[in-house]
Amino acid sequence: MDELLKAHEAAALLHTSERFIRRLIAERRIEFVKIGRHVRIRESALLAFVVAGTVEPLAASDVTGRAA
């Protein structure tokens, strides 16, 4: 079972502000768990968010329009 992180713990892992994490939650851009009135984020959900936002680098031929 994944560890459930508080907003400030998730922010520390991503090296962002707690406000950013709370905005992701409010906009429902990240999966979260409600326990009563508390909100927790699974480590796997945090990883999935990072993977979904990962952009592959362009190849040299994509940048110049011709093969290198």
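Why does Ala 11 count as buried? Ala 11 has 4% relative accessibility and therefore counts as buried, a term that means under 20% relative accessible area, with exposed being over 50% and partly exposed in between (1.4 Å probe, protein chains only).

The structure is a predicted model, in which local features need pLDDT of at least 70 and side-chain atom pairs count only at pLDDT 80 or more, while totals for chains, interfaces and linings use all residues. Residues are numbered from 1 along each chain as its sequence is written, and side-chain values use heavy atoms, with hydrogens and water left out.

Ala 11 belongs to helix H1; helices (H or I, at least four residues) and strands (E, at least two) are DSSP runs, numbered from the N terminus. H1 spans residues 7-14, and Ala 7, Ala 10 and Ala 11 are buried in it. These residues lie on the same side of H1 because they cover an arc of only 100 degrees around the axis, the arc being that of the directions from the helix axis to the C-beta atoms.

The cover over the buried residues of H1 includes strand E1 (4-5), helix H2 (18-26), strand E3 (38-42) and helix H3 (43-52). Not counting residues up to four places away in sequence, Ala 11 touches Thr 16, Ser 17, Glu 18 and Ile 21, where contact means heavy atoms within 4.5 Å. Just after H1, His 15 takes a positive phi of about 55 degrees.

The strands form an open sheet of 3 in the order E1-E3-E2, with antiparallel pairing; two strands pair if DSSP finds at least two bridges between them. E1 and strand E2 (33-35) are the edge strands, each pairing on one side only.
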